[in-house]
Amino acid sequence: MQRVEEIEVRPFSSREEYELMLDYFYKADDPFLRGMGVDRLKLPERDKWLDALLVDHEKPDEERDRFYLVWIFRGRRVGHSSINKIVPGIEAFIHLHLWKSQLRRAGLGTEFVRRSANFYFERFNLKKLVCEPWAENLAPNRVLEKLGFAFVRRYRTTPGAIAYEQEVNRYELRRRNQSLEPTAGRSDN
């Protein structure tokens with residue numbers, strides 16, 4: 001497990017961070033996109049998507065379509081999380097993306113998602129986070145289960161504007177009185 005003290009999660013703060021997030025989608029190969037449930041043909045025109053993201057970024061939290069957190073490891077931006085379908089004080093849908101393939105399967109994703117979930121619960125006073133990854137994409141399903149997201153059901157849907165119709169697993173995490181605990185340095189005895 002990588003050292004958790006080398007991990008930082010914070011809101012997107014620049015046009016460059018949105019551009020890095022868009023690069024993740026536009027520069028990915030088709031098998032990788034399919035593995036996430038994304039249909040390349042549904043990606044909006046890049047400049048239009050960027051403009052919409054930047055307009056949304058300037059809105060107050062309660063009016064935003066989506067909110068983004070950048071994931072930083074050892075001082076480098078390596079991924080992001082976002083929430084959409086935000087109902088402040090109630091719920092939001094969380095998404096998770098580790099951009100750097102060499103960091104996948106290193107245990108970092110779990111810690112990034114833990115910190116992201118805590119941030120969203122606090123910032124938006126949420127009672128529940130929902131996540132619906134493609135059922136066959138094992139990595140996010142494992143991360144969610146590890147963090148205590150409860151499996152609700154599996155069903156067929158088109159989960160978003162850039163997705164194709166697919167089987168998804170619906171997970172929910174209800175807010176506890178305390179934050180989710182760090183994943184490293186914890187005793188499970």
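Q: How many bridges join β2 to β3, and what makes these two strands a pair?
A: Eight bridges join β2 to β3, which run antiparallel; two strands pair if DSSP finds at least two bridges between them, and so eight bridges are enough for β2 and β3 to be called a pair. The strands themselves are DSSP runs of E with at least two residues, while helices are runs of H or I with at least four, and both are numbered from the N terminus. The structure is a predicted model, in which local features need pLDDT of at least 70 and side-chain atom pairs count only at pLDDT 80 or more, while totals for chains, interfaces and linings use all residues. Residues are numbered from 1 along each chain as its sequence is written, and side-chain values use heavy atoms, with hydrogens and water left out.

Q: Why is R74 called partly exposed rather than buried or exposed?
A: Buried means under 20% relative accessible area and exposed means over 50%, with partly exposed in between (1.4 Å probe, protein chains only). R74 has 47% relative accessibility, and therefore counts as partly exposed.

Q: Where is K85, and what is its phi?
A: The place of K85 is in strand β3, and although K85 is a residue other than glycine, its phi has a positive value near 50°. The relative accessible area of K85 is 45%, so K85 is partly exposed.

Q: How do you know that β3 also pairs with β4?
A: Seven bridges join β3 to β4, which run antiparallel. Among the bridge partners in β4, F93 belongs to N84 and H97 belongs to H80. The hairpin of β3 and β4 has three residues between the strands, and G89 in this hairpin takes a positive phi near 80°.

Q: What is the order of the strands in the sheet, and why are β1 and β6 described as standing at the edges?
A: Seven strands form an open sheet in the order β1-β2-β3-β4-β5-β7-β6, with mixed pairing. β1 (7–11) and β6 (150–157) each have a single partner strand, so one side of each is left without a neighbour in the sheet. Neighbouring strands of this sheet are turned by 25° against each other on average, direction ignored.

Q: Which strands does α1 lie across, and how is its angle to β3 defined?
A: α1 lies across β1, β2, β3 and β4, and runs at about 90° to β3. Contact means heavy atoms within 4.5 Å, and axes are lines fitted to C-alpha atoms, for helices over the stretch in contact, with angles from 0 to 180 degrees between N-to-C directions.

Q: Where is S101, and why is it called partly exposed?
A: The place of S101 is in the loop between β4 (91–98) and α4 (108–123), and its relative accessible area is 48%, which means that S101 is partly exposed. S101 and V78 are 23 residues apart in sequence and 9.3 Å apart in space, C-alpha to C-alpha.
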